[in-house]
Amino acid sequence: MPRAMQKVMPLLALAWVLPACSSDNGETLIFAASSLAAATDNIDTALQAEGDVSPPEWVLAGSSRLIAQVRDGARPDIIVTADTSQLDEILDLGYVVVDEPRIANRLVLAVADGNPAQINSLDDLGLDAPLIGLCAPEVPCGATALRVADEFGVTLRPDTAEPNVRALAHKLANGELDAGLVYATDAASLGLQTISDTRLEGTDGCANPAVTSYGIAALASPSEVGEPHPATPVDRYLPLEPLQQAGFELGLC
Amino acid sequence: MLMIRLLRAPLPLLVPAMLAVALLVVPLVGLLQRAPWSSLVSRLVDDAVLEATRVSLVVSFSAAGLCLLLGLPLAWVLARVDLPFPRLVRAAVLLPMVLPPVVAGAALLFALGRRGLVGQWLDSWFGVTLPFTTAGTILAATFVALPFFVTTVESALVAQGRDLEEAAAVNAAGPMTAFATVTVPSIRGAIGAGLALSWARAFGEFGATITFAGSLGGRTRTLPLQTFLALESDPESAVAISVLLLAVSLGVLVALRGRWLTR
């Protein structure tokens, strides 16, 4: 190999590494809980129609996964988690928890198309025969399901604990699971058949264990030292109307 | 001695070789220096971790066994039989190596899931449902691991040539006896290497497993899945489990190599 090559190779290596470090293309980056998948299209369309801000780049994953990524150095402009508790973990990383807009979601009992296992209520989630799916307790939809079971004295006998609500909802949609607890928004966006259970439907807002309130945080603006202040206009990127259309509940808590 | 031998090596080979070593070793060092050594044992003697370890060992060894059972005949057919469209067949065998594991899992679901191409018949005729079972996890692991076994053994068969086997087939009872008494012993090393590779692939498998078989403690949740969960809720435990994964892999690989590969 020619000697010149030896000198060039480290440079080549650098040239490969550098673009990966600065892939920022100016778009607003939003890390959002998987359940937001039901609303991102609506939001993008609304933002495009309004023309105020351009649609953001969405990264969807289980809330705890998103928090872990931020803890490990990812810096989205906005982060939306499916419960409020986890955001405390990233406050020391320059994030400000935003009070508005307030959106909430509700667990529903979804079944495979045609309800082959004849699920009638939450209590049937304790049966052995049907294939039952839940979210892992580490993500909000799983934690909420455990809260529901606890509060209503329901036994859950899951056959799988999925890493995020979308994975679970898709397995219900393609009939691999008989029943599971997913968000109302996922059931709506994937057209899942749901079974009504009055315990989940209580209209007492946040007091119902099936309801989870979303947490939103934004990167603080570095210029405003002292009193933290989000640098990104959160409410412009998360307009309430398209969220409501997707089935999110507003102003519950 | 080592220094002198290294200094004699040409620089254009030595430098990238060192970079490669660094690329492989630095992340491991990163993992080890984050390990919570003082609480390592208490974090690992945890019901969830022990359960995942048991599932992982059952799944990875079963998958390696299936690779041997199905892969050895397949490698022989690929090496010895003049197949139509040999390139196509070989590409199909290798495909799981390049397929993203999550896609592999989805493909398995579409084929063997309860509503899948084959799976619906398994369900309605035999009442067999593979997703969300340990058997499903083994199947997913075998799917991704099989090409590693087949390619390793096949290239050994090709390199060895047909002469020995054909001579033995003429002299001995027949091709099957020749295969068992001459061919297999002569490629023992490659079979061991193939077993080690496919076991390692099965042991570390994540994407196909979680997509096809889901995640349930004691049934389908392997160590990589447990690590993934822990990374989000308890990073220190995740690192501890990773150290365990590393130790078990190293142990098994060293044992397999020692047993099979030393001449």
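Modeller: Ile79(A) stands opposite Ala217(A) in E11(A). Please bear in mind that this is a predicted model.

Biologist: In which sense do the strands E3 and E11 of chain A pair, and over how many bridges?

Modeller: Strands of a sheet pair through backbone hydrogen bonds, in either a parallel or an antiparallel manner. Here strand E3 (residues 78–81) and strand E11 (residues 215–219) of chain A are antiparallel, with four bridges. Within this pair, Thr81(A) has Gly215(A) as its bridge partner in E11(A). E11(A) also pairs with E4(A), again in the antiparallel sense over four bridges; there, Val97(A) is opposite Ala217(A).

Biologist: What is the strand order of the sheet in chain A?

Modeller: The order is E2-E1-E3-E11-E4 (chain A), an open sheet of five strands with mixed pairing. Strand E2 (57–61) and strand E4 (95–98) of chain A are at the edges; each has a single partner strand, so one side of each lacks a neighbour in the sheet. On average, neighbouring strands of this sheet are turned by 20 degrees against each other, direction ignored.

Biologist: Why is E11(A) described as largely enclosed by the rest of the structure?

Modeller: A residue counts as buried when 20 or more other C-beta atoms lie within 10 Å of its own. Five of the five residues of E11(A) are buried, so the strand is largely enclosed by the rest of the structure.

Biologist: How many residues has the largest nonpolar core, and which have the most contacts inside it?

Modeller: In soluble globular proteins, nonpolar side chains tend to be buried together. In this model the largest nonpolar core has 131 residues, and Leu107(A), Val182(A) and Val153(B) have the most contacts inside it. Helix H8 (residues 134–160) of chain B gives the most to this core, namely 14 residues. Domain 1 (27–103 + 212–250) and domain 2 (105–207) of chain A both contribute residues, so the core lies between them. Leaving aside neighbours within four places in sequence, Val182(A) is in contact with residues including Leu107(A), Cys141(A), Val165(A) and Leu192(A).

Definitions and conventions:
Residues are numbered from 1 along each chain as its sequence is written. Chains are lettered from A and ligands numbered from 1 in the order in which they are written. This is a predicted model: local features need pLDDT of at least 70, side-chain atom pairs count only at pLDDT 80 or more; totals for chains, interfaces and linings use all residues. Two strands pair if DSSP finds at least two bridges between them. Helices (H or I, at least four residues) and strands (E, at least two) are DSSP runs, numbered from the N terminus. Axes are lines fitted to C-alpha atoms, for helices over the stretch in contact, and angles run from 0 to 180 degrees between N-to-C directions. A nonpolar core is a set of buried Ala, Val, Leu, Ile, Met, Phe, Trp, Tyr and Cys residues joined through C-beta atoms within 7 Å. A residue is buried if 20 or more other C-beta atoms lie within 10 Å of its own, exposed if 12 or fewer, and partly exposed in between; C-beta atoms are placed from the backbone. Domain bounds come from an automatic or database domain assignment. Two residues are in contact if their C-beta atoms, placed from the backbone, lie within 7 Å.
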